[in-house]
Amino acid sequence: MSSAHFDRMFHALADPYRRSFIEQLAKGPASVKELAEPADVQLPAVVKHLRVLEEGGIVSSEKVGRVRTYRMRPDAFGAMTSWIEQRQLEMNAAFDRLAMLMAETPESKDH
């Protein structure tokens, strides 16, 4: 996944309204109106937030008649999860190396 895509995804997740929409959509598809009601946000603002989520690859939408319905993408967090897991592995390896060095270094009695 490209750096630009990660930037869009992290940007999409940086807003509390967008995270609340993700929480709603994780439970199932919803229309713009359904997403706007509990958030007490005007429809144009909701559409703007949903566009950011769609550009970030987190949600997809489908328009039937006048109703646009959004849903979570099944692979929404796969690349991000892999990226985070890789950073976690690297960090754990660094701490393991530090622990080994500390175990090999004799303690000084000059405290």
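View 1. Arg87 is partly exposed, at a relative accessible area of 31%. Partly exposed means between the cut-offs for buried (under 20% relative accessible area) and exposed (over 50%), with a 1.4 Å probe and protein chains only. This is a predicted model, in which local features need pLDDT of at least 70 and side-chain atom pairs count only at pLDDT 80 or more, while totals for chains, interfaces and linings use all residues. Residues are numbered from 1 along each chain as its sequence is written, and side-chain values use heavy atoms, without hydrogens and water. Arg87 and Glu90 form a salt bridge, with the closest N and O atoms 3.1 Å apart. A salt bridge here is a side-chain nitrogen of Lys or Arg within 4 Å of a carboxyl oxygen of Asp or Glu. Both residues lie in helix α5, three residues apart, or about one turn of the helix. Helices (H or I, at least four residues) and strands (E, at least two) are DSSP runs, numbered from the N terminus.

View 2. Side chains of opposite charge can pair when their charged atoms come close. By the rule used here, the count comes to three salt bridges. One of them joins Arg71 to Glu62, at 3.8 Å from N to O. Arg71 is partly exposed, with 32% relative accessible area. Glu62 is also partly exposed, at 44%. Another joins Asp75 to Arg73, and their closest N and O atoms are 3.2 Å apart. Asp75 counts as partly exposed at 45%. Arg73 counts as partly exposed at 35%.

**View 3. A nonpolar patch lies on the surface.** Its members are Met91, Phe95, Leu98 and Met102. Together they have about 420 Å² of accessible area. Such areas come from the Shrake-Rupley method with a 1.4 Å probe; for residues, only the protein chains shown count as cover. Patches are built from residues with over 30% relative accessible area and no salt bridge; like charges are joined within 9 Å, and nonpolar side chains (Val, Leu, Ile, Met, Phe, Trp, Tyr) within 5 Å. Met102 belongs to helix α5, which covers residues 78–104. Met102 is exposed, at a relative accessible area of 58%.

View 4. Val46, His49, Leu50, Val52 and Leu53 are its buried residues. Seen down the axis of α4, they fall within an arc of 155°, so they line one face of the helix. The arc is taken from the directions from the helix axis to the C-beta atoms. These buried residues pack against α1 (3–13), α2 (16–26), α3 (32–39), β2 (59–64) and β3 (67–72). Contact means heavy atoms within 4.5 Å. On the other side of α4, Pro44 and Lys48 are exposed.

**View 5. His5 touches two glycines.** His5 lies in helix α1. At 16% relative accessibility, His5 counts as buried. Leaving out residues up to four places away in sequence, His5 touches Gly56 and Gly57. Gly57 follows α4 and has a positive phi, near 80°. The C-alpha atoms of His5 and Ala79 are separated by 9.9 Å, although these residues are 74 residues apart along the chain.
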